[in-house]
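Welcome, and thanks for taking a look at this fold with me.

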Amino acid sequence: MKNIYFIGAGGIGMAALERYFKSQGDNVAGYDRTPTELTDSLIAEGIDITFDDSVEAIPELYRDPATTMMVYTPAVPDTMPQLKWARDNGFRVVKRAVVLGEVTRRSKALCFAGTHGKTTTSSMAAHIMHTSAAGCNAFLGGVLRNYNSNFLLDAKSPYSVIEADEYDRSFHQLSPYIAVVTSTDPDHLDIYGTEEAYLESFSRFTQLIHPDGKLIVHTGLKFRPEPPASVAVYTYSRDEGDFHAANIRRGNGTIIYDLIVPQSVVAEGVIRDIELGVPVEINIENSIAAAAATLLTGAVTADDVRSAIASFMGPKRRFEFHLKEEGDNGRVIIDDYAHHPDELRASISSVKALYPDRKLTVAFQPHLYSRTRDFAPQFADALSLADEVVLLDIYPARELPIPGVSSAIIFDKISCKEKQLISKELLINTIKNINFEVLLTAGAGDINTYIPDIIASIK
């Protein structure tokens, strides 16, 4: 099928597949709800995107089930007119994850799974592979600042790098050559129902590893890996495991460490003086996982790893600096995609470690009613680490409101004295009047879109 129509075409994961198939010479088009910077880029690249969900808006080329495949995301409701029409008229209709699974079966796939850490870790691994002789095709969950894209293409490389998303059990469609599990803290309980079911899904993911493949697992995770007996299993963390850091040095805005590795991987058993291009504490572990996965391909060297980690700029919205004024009292604005309590805690702790003597203001936008309901006390605990909190209303994304669930159930439990609960329309003026020193904006909704206006207002 040379015609592929994407329903939910503006999603970051969908965009990578659209670019991949476009590069393969296929005809690519799709629908999304609203225009964004990403859809603008896709349209400029020749991908026909409509923002009208009516059947009539589907271009003529994509209306024949004999030549067209329909790809959709789980976030699209079954009642969506184009999706319903495609199913009723004999089209092959598949989820994005099924198509991504097909890519993994055609390549040696490095698949990164976990509640958090998977976007940065997979992005770092893609950068290592891409800058080495090995190359890769990468399908990532964030736009890499090094390339201003979430997709890397190398027609000659046998390797692919995949962010393995556990939402809707999507990662069960994959066939990893090397699998990495970074974390298994419960999330998406609207899908899984219980922590046990969530953990079981990660066990199932490890069963899918190719028989001659490898599994890399963070130490101390609660789930039980169940890879095929022939799969080699490795552990990692900052301080222990087959891959871990030693001789960590912090200062002058840098983090440098020595990476301890099995001698079967690097003869010396160590890669010295790895410097983080994005020097925040959590990236020590992220870089260890990325280094482990890429080294275990046997296709990259210690020097490849060292130079790539130093030049890695990170994905957009992952600890991204938007303002860094000169001088000891210069104001700082950092944006982070953190939307799970553990991610939020790690992000706030990282900022406090970078600026230990400055007042930290956190503006947080909760993402999903169900996640707010399930983790309100944990969100409040994390936010209480800040000196000042500005809490926004919940960003609903794919969900309808849940009675009794609002940002107030987080707000009431936050213990820091300086806190405000506002609508996002008041965010710019609120920040302008705070006279902040260091501002962290966090959440998986649209809070980041207000940052340019925040900067303009304080200037």
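How many bridges join β6 to β10? There are four, and the two strands run parallel. Please keep in mind throughout that this is a predicted model.

**The seven-stranded sheet**

β6 and β10 belong to an open sheet of seven strands, ordered β8-β7-β9-β6-β10-β11-β12, with mixed pairing. Its edge strands are β8 (149-152) and β12 (232-236), each of which pairs on one side only. On average, neighbouring strands of this sheet are turned by 15° against each other, direction ignored.

V181 of β10 is the bridge partner of A113, and A179 has L215 in β11 as its bridge partner.

| Strand pair | Bridges | Example bridge partners |
|---|---|---|
| β6 and β10 | four | A113 and V181 |
| β10 and β11 | four | A179 and L215 |

Helix α4 (residues 96-105) lies across β6 (108-113), β7 (137-144) and β9 (159-163), and runs at about 150° to β9. Helix α7 (residues 195-207) lies across β6, β10 (178-181) and β11, running at about 160° to β10.

**The five-stranded sheet**

Now for the other sheet. This open sheet has five strands in the order β3-β2-β1-β4-β5, and the pairing is parallel. β3 (48-50) and β5 (92-95) stand at the edges with a single partner strand each, so one side of each has no neighbour in the sheet. Neighbouring strands here are turned by 20° against each other on average, again ignoring direction.

At one end of that order, strand β4 (residues 68-72) pairs with β5 in the parallel sense over four bridges. Within this part of the sheet, V71 stands opposite V94 in β5. Helix α1 packs on the sheet, touching β1, β2 (27-31), β3 and β4, and its direction makes about 170° with that of β1. Helix α3 (residues 81-88) also packs on the sheet, where it touches β1, β2, β3, β4 and β5; the direction of α3 makes about 135° with that of β4.

Where is G8 placed? G8 sits in the loop between β1 (3-7) and α1 (12-23). Its relative accessible area is 11%, and because buried means under 20%, G8 counts as buried. Leaving aside neighbours within four places in sequence, G8 is in contact with M14, Y31, D32, T73 and V76. For a sense of scale, G8 and V362 are 354 residues apart in sequence and 31 Å apart in space, C-alpha to C-alpha.

T39 is found in helix α2 (residues 37-44). T39 is buried as well, with a relative accessible area of 0%. Not counting residues up to four places away in sequence, T39 touches G10, T34, I49 and F51.

**Helix against helix**

Two packed helices are described by the angle between their axes and the distance between the axes.

Take helix α5 (residues 118-131) and helix α8 (residues 282-295): their axes come within 8 Å and cross at roughly 45°. α5 and α8 are therefore oblique to each other, and their crossing is right-handed. The contact is made by T120, T121, M124, A125, I128 and M129 of α5, together with N283, N286, S287, A289, A290, A291 and T294 of α8. By class, this contact has seven nonpolar, six polar and no charged residues.

What about helix α10 (residues 341-354) and helix α11 (residues 369-383)? Their axes come within 9 Å and cross at roughly 0°. α10 and α11 are therefore roughly parallel to each other. P341, L344, R345 and I348 of α10 make the contact with F375, Q378, F379, D381, A382 and L383 of α11. The residues of this contact divide into seven nonpolar, one polar and two charged.

Technical notes
Residues are numbered from 1 along each chain as its sequence is written. This is a predicted model: local features need pLDDT of at least 70, side-chain atom pairs count only at pLDDT 80 or more; totals for chains, interfaces and linings use all residues. Side-chain values use heavy atoms; hydrogens and water are left out. Buried means under 20% relative accessible area, exposed over 50%, partly exposed in between (1.4 Å probe, protein chains only). Contact means heavy atoms within 4.5 Å. Two strands pair if DSSP finds at least two bridges between them. Axes are lines fitted to C-alpha atoms, for helices over the stretch in contact, and angles run from 0 to 180 degrees between N-to-C directions. Angles under 35 degrees count as roughly parallel, over 145 as roughly antiparallel, 65 to 115 as roughly perpendicular and the rest as oblique. Ala, Val, Leu, Ile, Met, Phe, Trp, Tyr, Cys and Pro count as nonpolar, Asp, Glu, Lys and Arg as charged, and the others, Gly among them, as polar. A crossing is left-handed if the near helix is turned anticlockwise from the far one by less than a right angle, and right-handed if clockwise.
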